[in-house]
4 protein chains.
Amino acid sequence: MKHENAHRRLKTAEGHLRGIQRMLEEDAYCIDVIRQIQAVQAALNKISVQILEEHMNSCLITAIRGEEPEERERVLKEIIEVFETATRT
Amino acid sequence: MKHENAHRRLKTAEGHLRGIQRMLEEDAYCIDVIRQIQAVQAALNKISVQILEEHMNSCLITAIRGEEPEERERVLKEIIEVFETATRT
Amino acid sequence: MKHENAHRRLKTAEGHLRGIQRMLEEDAYCIDVIRQIQAVQAALNKISVQILEEHMNSCLITAIRGEEPEERERVLKEIIEVFETATRT
Amino acid sequence: MKHENAHRRLKTAEGHLRGIQRMLEEDAYCIDVIRQIQAVQAALNKISVQILEEHMNSCLITAIRGEEPEERERVLKEIIEVFETATRT
């Protein structure tokens, strides 16, 4: 499996979300719940960055060095779209 | 339990994260994985907004109408901090 | 004028944007340009937070203590919407 | 000049920031001011995406096809860092 580290961090984030559900069950303070959700989001951001980095260091390089302009354009476009979604305020 | 709807949506997001782990186990395409992570983040954003809304309609109103200026300032400050974390580019 | 500090910081951000245009005119390196744009966005985030803080410490308090439930709901809803726009991934 | 379109949009954003300063001078409603700031940020996001796209379609391709591994790594790393800054919640 590629992305082993990302896999492990996703498992951690999943456990974190389960903990937040328990907080709601125990009527925790709203702001503490929101802060925990924001912490999960920060973790997910790091995981996305890591996967994108691995993608650029493998698939992207292969596509750019390859002989198929359409494939290259597709791979570049996908990365731009991911960036676009990430920046949308 | 308050926030029942948020609780249910957190459970869904947790299942979504489990699905993303399976994608990694099956060596799914990186960009598809990142898109799924971004979808979970969009869901978490909506949950945060919902909890904040409920918080402002209850605790915040109580604090502002209450007799304790320190309590009021604390509650306002917490909301600003949550907003600050959310906007940090 | 309220928000004098915010006004001054907006003026600075405006000058910063003018500097970025000059960078483009002088064919600066793309990544340096993007970094400067991200710096302006970080500055704008801080200005938004500051204005929101002042708004919550004045208009919001007035609305919540006031006698008009509709006005109160409107003011709360606006803040939620601003938060929603800020978090949209 | 490369990035002519981006240059024009930055000029527009600069004018927009000037308009927001006038709003503050005329004591406009805080929430309206924040909404305008968020509109400028959305515009800046689009400009960043556009410049990044042009960068990936030129410099990045050159670096990846080039003979210098260090140069290639540098260019990839820069893009990741820009993405990282953009996603930081």
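Reply: Copies of a chain are superposed here by least squares on the C-alpha atoms of residues with pLDDT of at least 70 in both. The model is predicted, and every value below is computed from it. In general, two copies of a chain are related by a rotation about an axis and a shift along it.

The contact itself involves 43 residues from chain D and 43 residues from chain C. Between them, chain D and chain C bury about 3900 Å², and carbon and sulfur atoms carry 66% of that area. There are also 4 salt bridges between chain D and chain C. Polar contacts across the interface of chain D and chain C amount to 13 residue pairs, with both residues at pLDDT 80 or more. On the side of chain D that touches chain C, two or more residues come from each of α1 (4–25), α2 (30–65) and α3 (69–87) of chain D. The element that gives the most is α2(D), with 17 residues. Sorted by class, this side of chain D has 24 nonpolar, 9 polar and 10 charged residues.

Chain A is superposed on chain B by a rotation of 180 degrees with 0.0 Å of shift along its axis, and the RMSD is 0.0 Å. This is the relation of a two-fold axis. In chain A, the C-alpha nearest that axis belongs to A:E14, 2.7 Å away. Of the interface residues of chain A, 100% are also interface residues in chain B, so the copies meet through the same surface.

Here 43 residues of chain A are in contact with 43 residues of chain B. The area buried between chain A and chain B is about 3900 Å², with 66% given by carbon and sulfur atoms. Across this interface 4 salt bridges are found, among them the one between the side chains of A:E81 and B:R35, at 3.6 Å from N to O. The interface of chain A and chain B also holds 13 residue pairs in polar contact, both residues being at pLDDT 80 or more. At least two residues of the side of chain A that touches chain B come from each of α1 (4–25), α2 (30–65) and α3 (69–87) of chain A. Of these elements, α2(A) gives the most, with 17 residues. By class, this side of chain A comprises 24 nonpolar, 9 polar and 10 charged residues.

A further contact links chain A with chain D. Over all chains, 2 aromatic pairs are found. The rings of A:F83 and D:F83 have centres 6.3 Å apart and planes at 40 degrees, so this pair is tilted. Since A:F83 lies in helix α3 of chain A and D:F83 in helix α3 of chain D, the pair joins two chains.

Terms used
Residues numbered from 1 in each chain as written. Chains lettered and ligands numbered in written order. Heavy atoms only, no water. Contact = heavy atoms within 4.5 Å. Buried area = accessible area lost by both parts, 1.4 Å probe. Polar contact = N/O pair within 3.5 Å; in protein donor to acceptor, adjacent residues only side chain to side chain. Helix = DSSP H or I, 4+ residues; strand = E, 2+ residues; numbered from the N terminus. Nonpolar A, V, L, I, M, F, W, Y, C, P; charged D, E, K, R; others polar. Phe/Tyr/Trp six-rings, centres within 6.5 Å; stacked < 30°, edge-to-face > 60°.
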